[in-house]
Amino acid sequence: MLTLKVSGMTCGHCAQTVTRAVEAVPSVERALVDLNAGQVAIEGSADESAIRQAIEDAGYEVQGRA
């Protein structure tokens, strides 16, 4: 499981947007957003750079691994 810190998520809609963006990446099985911690945990074998790009394309900033 890969966990990334994501800034800019402030509400449930933000969490849904990040979840959808990450789960659209090939080989991602599931994305679990923890809004309070500002993190997303990703299950699957997807390329980390593709996940980071999907999050940034959705309008959020990846601050690194959690």
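Predicted model: local features only at pLDDT ≥ 70, side-chain atom pairs only at ≥ 80, totals over all residues.
The protein contains two helices and four strands. Along the sequence they follow the pattern β-α-β-β-α-β. The radius of gyration is 10 Å, close to the 11 Å that the globule rule gives for 66 residues, so the protein is as compact as a globular protein of that length. The C-alpha trace spans about 25 × 20 × 15 Å along its principal axes. Of the contacts with a separation of 6 or more, 60% join residues 24 or more positions apart.

The accessible surface of the protein comes to about 3700 Å². Carbon and sulfur atoms hold 43% of that surface. Of the 66 residues, 38% count as buried. The charged side chains comprise 5 positive and 9 negative ones. The centres of these two sets lie 4 Å apart.

The largest nonpolar core has 18 residues. Leu4, Val22, Val40, Ile42, Ile51 and Ile55 touch the most other members. Both helices give two or more residues to this core: helix 1 (12–23) and helix 2 (48–57). Strand 1 (2–7), strand 2 (28–34) and strand 3 (39–44) also give two or more each.

Ile51 is found in helix 2. Its relative accessible area is 1%, under the 20% limit, so Ile51 counts as buried. Beyond its neighbours within four places in sequence, Ile51 is in contact with Leu2, Leu4, Val22, Val25, Val28, Ile42 and Ala46. The C-alpha atoms of Ile51 and Pro26 are separated by 9.2 Å. Along the chain, these two residues are 25 residues apart. Ile42 in turn touches Met1, Leu2, Leu4, Val22, Val28, Arg30 and Ile51, with residues up to four places away in sequence not counted.

Thr19 lies in helix 1. Thr19 is buried because its relative accessible area of 19% falls under the 20% limit. With neighbours within four places in sequence left aside, Thr19 is in contact with Ala31 and Val33. Gln53 lies in helix 2. At 41% relative accessibility, Gln53 counts as partly exposed. Gln53 and Ala21 are 32 residues apart along the chain, and their C-alpha atoms are separated by 9.4 Å.

Thr3 is found in strand 1. Its relative accessibility is 22%, so Thr3 counts as partly exposed, between the limits of 20% and 50%. Leaving aside neighbours within four places in sequence, Thr3 is in contact with Gln39, Val40, Ala41, Gly64, Arg65 and Ala66. One of these contacts, Gly64, is 61 residues away along the chain. The C-alpha atoms of Thr3 and Gly64 are separated by 8.7 Å.

Two loop residues complete the survey. Ser27 sits in the loop between helix 1 and strand 2. Most residues other than glycine have a negative phi. Ser27 has a positive phi of about 75° although it is not a glycine. Ser27 counts as partly exposed, at 43% relative accessibility. Ala37 lies in the loop between strand 2 and strand 3. At 31% relative accessibility, Ala37 is partly exposed as well. Ala37 and Val6 are 31 residues apart in sequence. From C-alpha to C-alpha, they are 9.0 Å apart in space.

Notes. Residues numbered from 1 in each chain as written. Heavy atoms only, no water. Rg over C-alpha atoms; globule rule 2.2 N^0.38 Å. Buried < 20%, exposed > 50% of the residue type's maximum accessible area, 1.4 Å probe, protein only. Contact = heavy atoms within 4.5 Å. Areas by Shrake-Rupley, 256 points an atom, 1.4 Å probe, with all protein chains shown as cover. Lys, Arg positive; Asp, Glu negative; His and termini not counted. Charge placed at Lys NZ, Arg CZ, Asp CG, Glu CD. Core = buried A, V, L, I, M, F, W, Y, C linked by side-chain atoms within 4.5 Å.
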